[in-house]
Amino acid sequence: MDYEQEKTVWVIGHKNPDTDSICSAIAYADLQNHIGKIKYEPKRAGNLNGETKYVLRKFKVKSPAYVDDVRTQVKDIAFRRTVGVSSGISLKKAWELMSTGKIVTLPVTDERNHLIGLIVNGDIAKSYMDALDTYILAEARTPYRNMIETLNGTILVGNEHGRFTKGKVIVAANSLPVMEESIEKDDLVILGDRENMQKCALKHNASCMVICGGTQVSQEIIREAQQKECVIISTPYDPFTVSRLITQSMPIKQFMRKQSLVTFGAEDYVDDIKVVMSKVRHRDFPILDFTGNYIGMISRRNLLNMQKKQVVLVDHNEKQQAVHGVENADILAIIDHHKIGTLETSIPVLFRNQPVGCTSTIIYQMYLENGVKITKSIAGLLCSAIISDTLLFRSPTCTEIDKEAAAKLAEIAGIDMEEHAKEMFRAGSNFKSKTREEICYQDFKTFDVEDIHFGVGQISAMSREELDEVKEKLLPYLEKALEERKIDMVFMMLTDILTESTEVICAGEGADAAIEQAYFKQKINNGYKLQGVVSRKKQLIPELLDALQNNA
């Protein structure tokens, strides 16, 4: 996944989305992609219902991707793209990379770019300061190429890709007898231009000689070294400098941190990583993508420059109906047709709210205002949304503006609205294969009045028989819905599209009293029959709010 991609604005409808919520998100993103330079992308904050799935299939439009949280994530931050290094590079090379890049931590990765360790400047400093065992170079399996690089040397005999794996490191003194006593097989010997000392090293089967001062090595020594498979490295440095530098040629894997590495995923939320950062006093933390590959480093300082997600909300303006984390996002615009709700923004934003039957009607107007041609598929989506939200113009929320928009859109899309509406409603009322939970929440919104938190769902169908089956499924589920959604009351509207009537079933302390006060109705067969009531927004919610406020 490319985390360098351009900034994208997400267009999102409410949770438990209906057809208008999905279609208006798709259409608004399409409109903005025609008139602006920033990329807009539709998203959904819940599962699609049967009606919406039918509409998307009919007009061959891909479903928006699902998002459940719009808080800022690690991938939204301009974190540092420090390249991972091989565990075989020398300490000296690692130090140079840190100094050049002005960083304190290097990520160590394998050939698949998987993180295998970290090396920090403190680890390197410690390796310089500690009194290291003379066998440490062999224990670290130090590559000869590292020695050549660190000592600015040249290999005269041997393979630079080989490793020093046995023996200790000794600095040959000027005294041959002393050298004879200290040298052993497989040792690495640091010495000067004295040929008798060089021969002594070969006689005792040293595995490597580092010859200092840029001294010319005789052909005799070279031939004997080749026979004995002794590596010879020539360096311009003196023995003291070589003895000081050679430990810096060890590979960093000898000192890197391998266990209990604290890493973050690119998809992690900043709120969560802040908690970890406050407890773990590291300067830098590696970031991994969803496959586990290393992609960069992040520090506390990077959090100062983080960019919030940018979103446009359609078909709602209530916080409790919005996707989780919306208060942590930058809301650029709100396009809606409901009452003004509880959402707050930190800065002024485009807020377009019109008393029409459908958000898609407003977006249709915006296409006309901007002179953008509406494609057949977008016209089909917008028309379907208007049909759905107005129940084919039966809802009291429907206006002449909605009817005119739907007629123009139907013409562009090449559909017969009556026939299309029948197919849509039939797809939406196919309840036999759905669970009680799916039916309950397929079009469900929550509201607040005073200190009461309540939810209202609506199920629409073409026949009373279908609604009676739904009622039997939902009645025993309502108490569970109260617990699951942590609400005080729940109301379910079972709307008969053909007879333009609704039966309300409810649960929760005070729910029956609220309906009875709002409509002066008595419960019959566990429900309240409301003739002429088909709109949640215009006919049920206002009456419920008044009743609940009067009882508060």
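**Reading the terms of a predicted model**

Biologist: Why is D315 called buried?

Modeller: D315 has a relative accessible area of 0%. Buried means under 20%, exposed over 50%, and partly exposed in between, with a 1.4 Å probe and protein chains only. D315 is therefore buried.

Biologist: Where is D315 found, and what is its phi?

Modeller: D315 is in the loop between strand 16 (310–314) and strand 17 (330–336); helices (H or I, at least four residues) and strands (E, at least two) are DSSP runs, numbered from the N terminus. Its phi is near 65°, a positive value in a residue other than glycine. Most residues other than glycine have a negative phi. L392, in the loop between helix 13 (376–389) and helix 14 (400–413), also has a positive phi, near 55°. At 9% relative accessibility, L392 counts as buried.

Biologist: How many aromatic pairs are there, and what makes the pair of F264 and F285 tilted?

Modeller: The structure holds 6 aromatic pairs. In the pair of F264 and F285, the centres are 5.2 Å apart and the planes 35° apart. Rings of Phe, Tyr and Trp (its six-membered ring) pair if their centres lie within 6.5 Å; planes under 30 degrees apart count as stacked, over 60 as edge-to-face, and the rest as tilted. The angle of 35° is in the remaining class, so this pair is tilted. It links distant parts of the chain, 21 residues apart: F264 is in strand 13 (residues 264–265) and F285 in strand 14 (residues 285–288). F264 is buried at 4% relative accessibility, and F285 is buried at 0%.

Biologist: How do you know that strand 14 and strand 15 pair?

Modeller: Two strands pair if DSSP finds at least two bridges between them. Strand 14 and strand 15 have 4 bridges, in the antiparallel sense, and therefore meet that condition. F285 has I298 in strand 15 as its bridge partner.

Biologist: Why is strand 15 described as largely enclosed by the rest of the structure?

Modeller: In strand 15 (residues 294–298), 5 of the 5 residues are buried, so the description holds.

Biologist: What makes R485 a charge over a ring?

Modeller: The charged end of R485 is 3.7 Å from the centre of the ring of Y441. The rule asks for NZ of Lys or CZ of Arg within 6 Å of the ring centre and within 35 degrees of the ring normal. R485 sits over the ring of Y441, and Y441 forms one aromatic cluster with F444 and Y477.

Biologist: How do you know that the span of helix 1 agrees with expectation?

Modeller: The expected span is 1.5 Å times one less than the number of residues. For the 17 residues of helix 1 (residues 19–35) this should be 24 Å, and the end C-alpha atoms are 24 Å apart, so the two agree. Helix 1 is also mostly covered, with 13 of its 17 residues buried.

Biologist: Which residues are in contact with Q73, leaving aside its neighbours within four places in sequence?

Modeller: Contact means heavy atoms within 4.5 Å. Q73 is in contact with A266, E267, D268, Y269, V270 and K309. Q73 has a relative accessible area of 5% and is therefore buried.

Methods. Residues numbered from 1 in each chain as written. Predicted model: local features only at pLDDT ≥ 70, side-chain atom pairs only at ≥ 80, totals over all residues. Heavy atoms only, no water.
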